[in-house]
Amino acid sequence: MDLDLRKIRYFVAVAELLHFGRAAERLHIAQPVLSRQIRALEKDLGAPLFERDSHGVTLTAAGRQLLDDSRQLLAIADATRLRVCRAAGGPRRLVVGFRAGVVVTRALRAFGAAHPDVEALARRVEWDDQERLILDGTVDLAYVRRPIREQGLTLLPLFSEARVAMLPADHRLAGKPELALADLADEPRLRYADPRPGELPIRTIEEKFESVASGAGITLVPESVAEQYSRPDITYVPVPDAERDEVLLAWEASRRSPLITAFARLAPLADPARAEEP
């Protein structure tokens, strides 16, 4: 039995929304058609994927397992399609993702000098999409920061850096030469991956600026972010006992690309931590 990717996409929509009507709207199909496709998928797999009752729709144990597997399966399928289209024609290209604060200029120049026939491009990624953009082929590889979901990825540690507290310029701790984590224990922290009901997740450095400057909370950021991004209403203070921020190079584990291999070989020799060396 071969899995039908269309049915898998339909399943993911229902599993994420837990509502057949809203899932049908997202997919631009009629709800009865969606229901039939889900029943057909359950028959194909020989397992119920949803519990349906008067209270709504919930995932069964089989459904939760399929949802975990489906996201990576669809990402791999999309990435395969993208790579095939690229291979069919057009110039050779390598797209390198990077997180805020990570400077990739030196690595891109070194790669370009070694591979003048390849177009090397940079694209910024955020904490909540760094894995997805690698797995779906939007970027070929990326400089990422922990925490990261490692499933399906090959990770190459590059360097670590100290973290600093991002504070409003008029904060009571602003101007201190350095702080300890204990000094920040009672300070409200910005929430990222787990926002409260009604809150929007904070994704970018610009959103961090706005949240900190408005007094919503403080946060810790890598030292390189403090060096590259500044505003008069924001200040940074070193926190020596904070856990260091780790930067890694990541790419999709099953890819066999000579260009990725070549970039991964030179990246440790041209990483931002060594940018000031002769």
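In this predicted model, a salt bridge joins the side chains of R71 and E16, with N and O 3.5 Å apart. R71 belongs to helix 4 (residues 61–88) and E16 to helix 1 (residues 5–17), so the pair ties together parts that are 55 residues apart in sequence. Both partners are partly exposed: the relative accessible area is 43% for R71 and 38% for E16.

E150 pairs with R146, their closest N and O atoms lying 3.0 Å apart. Here E150 is partly exposed at 42% relative accessibility, and R146 is likewise partly exposed, at 34%. In the other example, the side chains of R172 and E187 meet with an N to O distance of 2.8 Å. Both residues sit in the loop between strand 7 (163–168) and helix 7, so this bridge ties together parts that are 15 residues apart in sequence.

Turning to the chain as a whole, the model contains 9 helices and 10 strands. The C-alpha trace spans about 65 × 50 × 25 Å along its principal axes. Of the 278 residues, 44% are buried. The accessible surface amounts to about 15200 Å², and carbon and sulfur atoms contribute 52% of that area. Among contacts with a separation of 6 or more, 71% involve residues 24 or more positions apart.

The largest nonpolar core holds 24 residues, and those touching the most other members are L94, V96, F111, L141, Y143, L249 and F263. Elements giving two or more residues to this core include strand 3 (92–98), helix 5 (105–114), strand 5 (141–145) and strand 10 (245–252). Helix 9 gives the most, with 6 residues. Beyond its neighbours within four places in sequence, F111 is in contact with L94, V118, A120, L259, A262, F263 and L266. A second, separate core comprises 20 residues, among them A15, F20, A23 and L74.

K208, in helix 7 (residues 205–213), is buried but takes part in no salt bridge; E126, the nearest side chain of opposite charge, is 7.1 Å away. Leaving out residues up to four places away in sequence, K208 touches M166, L190, Y192, I202 and V221. R124, by comparison, is found in strand 4 (residues 118–124) and is partly exposed, with a relative accessible area of 25%. Apart from neighbours within four places in sequence, R124 is in contact with F98, A100, T204, I205, E206 and Y229. The C-alpha atoms of R124 and V212 are separated by 22 Å, the two residues being 88 apart along the chain.

As for confidence, the mean pLDDT of the chain is 89, and 92% of its residues reach 70 or more. Over residues 274–278, however, pLDDT stays under 50, and the model has 5 contacts beyond four places in sequence for this stretch. Where pLDDT is low, predicted coordinates should not be read in detail.

Definitions and conventions. Residues are numbered from 1 along each chain as its sequence is written. This is a predicted model: local features need pLDDT of at least 70, side-chain atom pairs count only at pLDDT 80 or more; totals for chains, interfaces and linings use all residues. Side-chain values use heavy atoms; hydrogens and water are left out. pLDDT is the predictor's confidence in each residue, from 0 to 100. Contact means heavy atoms within 4.5 Å. Helices (H or I, at least four residues) and strands (E, at least two) are DSSP runs, numbered from the N terminus. Buried means under 20% relative accessible area, exposed over 50%, partly exposed in between (1.4 Å probe, protein chains only). Lys and Arg count as positive and Asp and Glu as negative; His and the chain ends are not counted. A salt bridge is a side-chain nitrogen of Lys or Arg within 4 Å of a carboxyl oxygen of Asp or Glu. A nonpolar core is a set of buried Ala, Val, Leu, Ile, Met, Phe, Trp, Tyr and Cys residues joined through side-chain atoms within 4.5 Å. Accessible areas come from the Shrake-Rupley method with a 1.4 Å probe; for residues, only the protein chains shown count as cover.
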